[in-house]
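The following note sets out numbered remarks for a colleague who will work with these coordinates. Please read them with the structure open.

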Amino acid sequence: MTENTKTNNIDTKRTDLFKRLHEINDLASAAALLNWDQTTYMPPGGGAARGRQLATLQRLAHEKFTDPAVGKLLDDLNPYAENLPYDADDAALIRLTRRNYENATKVPSDFVSEIASHTAALYEIWTTARPANDFAVVQPFLEKTLELSRRFANFFPGYEHIADPLIDQVDYGMKVSTIRPLFAELRAALTPLVKAIGEQSPVDTRFLHQFFPEADQLAAGIAAIKKFGYDFQRGRQDKTHHPFMTKFSLGDVRITTRVNEHDLGDALFSTMHESGHALYEQGISPQYEGTPLAEGTSSGVHESQSRLWENIVGRSLGFWQYYYPKLQTIFPAQLREVPLETFYRAINQVERSLIRTDADEVTYNLHVIIRFDLELALLEGKLAIADLPDAWQEQYSTSLGIMAPDNRDGVLQDVHWYGGLIGGAFQGYTLGNIMASQFYAAALQAHPGIPGEITHGQFSTLHTWLRENIYQHGSKFTTTELLHRVTGGPLSLNPYIDYLRNKYGTIYQLS
Ligand code: ZN
C-alpha cells in the first residue's frame, strides 16, 4: 500500500466513524429533548408513552454505538491515533470513544432500555409522591432501581467497590477508595467551622421571605446571567420541579429554574447555578459538535463551574456591590431599607437545614456526604430500601443535628434516585466545590484583577479564562489531566477550605 492510499483509507474510516457518532448523538439529543419536555411542559397524561419513547431512543442509540463495526473502526484507526500528539483532537476523540465503547459493550441494549423505561416511570410517580409525602408508593420501584444499579455495576467485574463502576460513568477515574478519605478530611474540617458559626448570633433573613413576584424574580436572574455571559441566542430558560441544564446541540443549551414567591434566593441562585453549567457547554469548541468530545468532562468538573458562578462569584460581596443596587430597583418596596452588608450576610447565612439545594456553602457538603454514604450502604447490601427513610433521619440527626418532619423534606427531596440509578449520583457536587476553588485560585493567579472587575459588573476576563482553559476542551482531557494542566497539581482540598475559612471567618467574625 502506498502512503497515499493509506491516508485515503484513514480518511474514509475517520469519516465513517464521525458519521456514526453524529447519528448516535442525534438520537441522544432527541432523547434529551423528550426528557426536557417531560420535566417542563408535558401534561401528566403523556407519562406512560414518554417512558416508552425514551427507552426506544436510548436503545437505538446504544445498539448503534455497540455495533461491532464501531469497534472495528476504532481498531483500524488506533495506529493513526497513536501517532498523533496526545492532545490532538483526533487522538482524544478516538481515545474517549474507545473508552465509552468498551463501557457500552459491557451492558446489553435491552438492559439500557429497561433502565430508561423504569426510571422514566418512577420519575412520574415521584412527582406526585413527594408532595403527598408518600414513600410507600415509591418504595417497590426504588427497590427495583437498587436491583438495576447492582446489576449495572456487575457488568464491570473486577471493581474494588460495587459503587466504583457507577461513579466511573460520571466521574471517570474516581473511586470509593479515593473519595471516602477525601470526604472524611473535609467533614473533619467543616464540623468545627459549623460549630463555631453556630455559636455566633444568627443572621436576620426575614426580609428575604417577603412577597417577591415571580416575573420580577425571573427577570432578576436572567439579567445577572446575561452579564455572566450566558447566550440566549443559544439557550433559553423554563420552569421545572428540580432545576437542571440540558443540551441538544452546542447551539441549544437550555436551563430551567423554579420560583418560590416567598424566597428571593431560590430562583436567583439556582439560575446562576444552572447558567454555570450552561456556560461550560456553550463554551465548548464548535468543531467537537456531535461527537463525544462535545460535553463537559465529568460531573465534578461540571459542578465546579456551576458552583463557581453561583457561589464564588454569585454570593461574593464584590458581585453584590455591583448588582445589589439593581436588585433594589427591581424590588424597591422589599429591599429599599435593607443595606448591602445585611443582604450579603443574609444570602450567606450558615444554618443547619433540611434541603440540600437550599443549603449554604458550609453545610452543603454534609448533605452530599450523607447521600454518598447512604448510596454505598445500599449498594453494599448493608441497608434495605425499606429502612432508607429512617437511615436518612439518623444521618441528618448525627451530621447536622436536625430531623425532617416528614419524608417529603427527607428521603424524597432529591430527584436523583427517582430519575436514575443509585450510585455515583452525588459525589460530583462536593468534588465540584473542591475543584471550583482550585480553578478560581488559578484564574486569580493569571488575572489578579478579576475580583475588582466583578465589583464593576465585568465578567469577561474570568469567563474568557474559563473558556480558554476549561470550557473549549469539552471532554478532551480527563478530570485529572485538566486539573494538572490548569492548576499544576492534583485534586486538593486546601484552596476550598481556605476559601470557606476566610469568607465565613470574616462574615461571622471568627477568631
Ligand atoms: Zn449542578
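**Note on the predicted model**

1. The residue to begin with is Q509, which is exposed because its relative accessible area of 68% is over the 50% cut-off. Q509 belongs to the segment that follows α21 (494-507). The backbone deserves a check here: the phi of Q509 is positive, about 50°, although the residue is not a glycine. As the model is predicted, the reader may wish to look at this residue directly.

2. A second residue with this backbone feature is N133, a non-glycine residue whose phi has a positive value near 55°. N133 sits in the loop that separates α5 (109-129) from α6 (135-153). N133 is partly exposed, since its relative accessible area is 33% and that class lies between the 20% and 50% limits.

3. Another loop position is G173, located between α7 (164-170) and α8 (176-198). Is G173 buried or exposed? G173 has a relative accessible area of 51% and therefore counts as exposed, the cut-off being over 50%. In sequence, G173 and T464 are separated by 291 residues, while their C-alpha atoms are 28 Å apart in space.

4. Turning to the whole chain, the secondary structure of the protein comprises 21 helices and 3 strands.

5. How is β3 paired? Strand β1 (residues 237-239) runs parallel to β3 and is joined to it by 3 bridges; within this pairing, Q237 has I255 of β3 as its bridge partner. Strand β2 (residues 245-249) is antiparallel to β3, with 4 bridges between them. On that side, K247 is the bridge partner of V253 in β3, and S249 stands opposite D252.

6. In β3 (residues 252-257), 6 of the 6 residues are buried. In a regular strand, side chains alternate between the two faces of the sheet. For β3, one side carries D252, R254 and T256 and the other carries V253, I255 and T257, and the residues on both sides are all buried. β2 is likewise mostly covered, with 4 of its 5 residues buried.

7. Along the principal axes, the C-alpha atoms fill a box of roughly 80 × 55 × 45 Å.

8. Of the 511 residues, 55% count as buried. Among contacts with a separation of 6 or more, 73% are between residues 24 or more positions apart.

9. The surface and the charges complete the note. The protein exposes about 21,300 Å², and carbon and sulfur atoms supply 52% of that area.

Methods. Residues are numbered from 1 along each chain as its sequence is written. This is a predicted model: local features need pLDDT of at least 70, side-chain atom pairs count only at pLDDT 80 or more; totals for chains, interfaces and linings use all residues. Side-chain values use heavy atoms; hydrogens and water are left out. Helices (H or I, at least four residues) and strands (E, at least two) are DSSP runs, numbered from the N terminus. Buried means under 20% relative accessible area, exposed over 50%, partly exposed in between (1.4 Å probe, protein chains only). Contact means heavy atoms within 4.5 Å. Accessible areas come from the Shrake-Rupley method with a 1.4 Å probe; for residues, only the protein chains shown count as cover. Two strands pair if DSSP finds at least two bridges between them.
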